[in-house]
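Welcome! Take a moment to turn the model around on your screen, and then let us walk through it together.

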Amino acid sequence: MDLRGTVTSVGSVRTVGTRYGDREVAEVYVDGDEVTLWGDWAETAELVDEGFDVAFYDLDGDRSTTADSQVVVEPSYMVDVTAVRSWVQCPRIQYLGKIRPTPMEYPVVKGTLVHQVFEDLLRGADVDASVERRVRESGAEVELSGESIEDALKDVRQHADAISGWLNQDSLGEDGWRSEVTLVSTDLGLKGRCDALRRGRPVELKTGKSVGSDPYFQDKIQVALYALLLRERGVYPETGTVIYTKNASLDRSEGDVSPAKDFTVGDGLLDFALRKRNEVAAYERRIEVPTGYEAEADCSRCFERDPCMVVAGRLQQESKAGEIGEAVENHELEFFNESYRSIEERRREVYGEFAELADGGRSSEYSITDVEVERVEEDGEGFVLHCRKPPDASKIREGDVVLASDGDPLRGEMARVKQLTPEEIVVSISEDIRVSRFDVYPSEFGFSRELSALHDFVLTGERRRKDVFFGEREPEFRDVDVGSIDGNPSQTDAVRRGLAADDLCLIQGPPGTGKTYTIARLVAASVDRGERVLLSSYTNRAVDNAVENLLKISDANLVRVGTEGGVGDSVSHLMLDGDDGADALRDADVVAATTSSCSGRLMRELEFDRVVLDEASQLTSTAAFAAMNRAPRWVFVGDQMQLPPVAPEESVFERLLELHPDSAVSLDKQYRMAQRIQAFSAGEFYDGTVYPANHEVAAKTLDDLSNVDVDKLEDPLRDTVCFVDVESSPQGNVHMEEVEKTAEVVETLLDAGVEGDDVGVITPFRVQAAEISERVPDDVAVDTVDRFQGSSKEAIVVSLAASGEMESPVFEDDRRLNVALTRAKRKLVLVGDVSALRSRGLYSRMVDWARADDTTPE
DNA sequence: TCTCTGCCTAGAGGA
């Protein structure tokens, strides 16, 4: 029988004599029921506490473990296979691997390249061509890791020859192989990506050497865990293989130097590996830091000994290896621990999404279903599937990594979305499998990046930067001369202060005040003075936008770092290509990248004089550290009256604004909205300190656009700002009456001659946006408020989707309304249910404001 | 019943 529940009490482990000899035994109570754990499973009692979630598989009728039983601690925690691998070496290595960034060292870069070549070879690629292509593609990384391209080519070639020589002897040839298989089990709380499967048996590739007849123990554990995951799919591999590609270059006298080492994956090994997984899960549940005493690790021979001792010393941790160096300040330690905790808690939340995936009952926002593959193309990298699909309201966007499956997402393959329209989805995928649905793959990528940036900032960051961040030191400014910006003293001031800042400057830019132009002027002026600038932001869209605007006024030498899917077409020619080495990065005046990219291996090798960070009011401190670590001078651009970070934390912009209000400048002239449109926002959110830049801006109307005939608009749509009342009876977050009304308003505007491209529809809920989008022409942009932040349109229709007492948390943050009301240049139409909107003061005042010109009776 | 973007998820070195 199987059992899963919450531990209510735990007995102690003891030894009893049985007819099989002495055995360990312990009792655990789960939701009040006694479960008896025998043998090695008895250790579980020492891992768990009251409140832990535990699953038992194949117990006997008395709820005792048998030879076939498995016990899983905290199955909802999705432990990664590689985490267990390093835990087996030493629990501290697992912890260090989590908080420290991947070093830019040649062996690591080489390991990546050899894996890529291995994958190419399994697809039948030519060795020479694959080595050449992969090494050249990563030219900058190779050079930054301290190796020349020529030597790397030779080296990778040797490893590739070892693989292909061995593959050529393989009876299966290229058949019977699958590469890069994603394996996930929510029953075991385990996930991982296996390098390859050879007729259902796991194969792991290592670029090192192993002269014994057996693979290293941690490698066997890694492969055993893949075998365990395969069993969950009904595949029962009897053996596993580790390939050590460096063995090919060894002397035969050293022992067994064949590259591939097979070994048996028996029940004992699998159970052991699962218990190790449980140890990791128990530690993660408590958010504890291991000391190294948990395992019989021998510190004297450990190559991670120095970093282990340094981290322990800096963070005042106990470590088996000992501690060296000076501890960080107490407030820094506190900040580190708090941030670590917060990141780990958010990671757990993401794991909850795996459980929903397994249920298959996942809400539609996480998946696209009823997909039909229409066409399959083969390209050098794998396959491209062109699929028809019904319209959807999912979170899935172009560039995302998704699980493609024929029904059960947990048995899916990773695919990348190349194109997405309401009717079609095009993905690239390594295997041509049957596909009927796509699911969001819950990614914890960002968390490891935040942890490593946090580590760098607090543990290895410079004193002065830290003191400014923690409010221990006042930012300093020097005198600089800059040319003035015509008719805009506040922009001129922002550029001057930004350039004068030796530590920090905060530029607050309310909607439409020319943040992007100010950034361009500042970066250009900074480059003119011989500085090297990092231009960064949270989203790719904002980075691209900043780059485009900079290039309009400057001929600075700029490199855009990012991924193919992320960087927009308009600036993709600024990315490095295969012919560029590290010098292209070292010589650039400006490097532009997302904050996430800034903690990548490549960016971590670069230093700058100044970082200009856009969207800083949407970034948490830990997310911003990646960019802040790259330069001693920080210029943050944002607006604390617009949307905050999604994570429930204060933004880095707000934090520093509170600590250093004297380092802030505000932009006050807005170029976007007609006077009538900006008035409410200016009064409610900016104390009336924002003005139209000039008379033309203030007097903007829809009439000014060619082809528009305002006589075709009837009251109340004639007014620049107007309100349309609709009674609402929502189903979920879909307010259907409002959907219809909004579509009607859009149609009226289009009939009056407004171009579709000049109209935008925004609404708080994604599902509401999806419904509206189906009822308006394709060139009308429909999106959530959050996603519309940063852009604007001539005419905006807001579907407020309010009902009842407006209980939804989406209405709790008033800043969302500020964003919604400040996207329109010439016409703002609000659609909503008056009786609901009256339940909140701010919204009620908004209704009165919108109706001020309205002569029709309520 | 809320909002949501990043990223190629690779790893030598010892017994």
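A residue is called buried when its relative accessible area is under 20%, exposed when it is over 50%, and partly exposed in between (1.4 Å probe, protein chains only). By that rule, 56% of the 858 residues of chain A are buried. This is a predicted model, where local features need pLDDT of at least 70 and side-chain atom pairs count only at pLDDT 80 or more, while totals for chains, interfaces and linings use all residues. Residues are numbered from 1 along each chain as its sequence is written, chains are lettered from A and ligands numbered from 1 in the order in which they are written, and side-chain values use heavy atoms, with hydrogens and water left out.

**The whole chain**

Chain A contains 28 helices and 33 strands. Here helices (H or I, at least four residues) and strands (E, at least two) are DSSP runs, numbered from the N terminus. The C-alpha trace spans about 95 × 65 × 55 Å along its principal axes. Contact means heavy atoms within 4.5 Å. Among the contacts in chain A with a separation of 6 or more, 71% join residues 24 or more positions apart.

Ser339 sits in helix H11 (residues 330-359), and it counts as buried because its relative accessibility is 10%. A polar atom of the Ser339 side chain lies 2.8 Å from the backbone oxygen of Phe335.

Leu153 belongs to helix H7 (residues 149-169). With 11% relative accessibility, Leu153 is buried too. Not counting residues up to four places away in sequence, Leu153 touches Val131, Glu132, Val135 and Arg136. Leu153 and Val135 are 18 residues apart in sequence, and their C-alpha atoms are 6.4 Å apart in space.

**Two residues with positive phi**

Most residues other than glycine have a negative phi. Glu180, however, has a positive phi near 50°, and Asp370 has a positive one of about 55°. The table sets out where they are and how accessible they are.

| Residue | Place | Relative accessibility |

Terms used
Polar contact = N/O pair within 3.5 Å; in protein donor to acceptor, adjacent residues only side chain to side chain.
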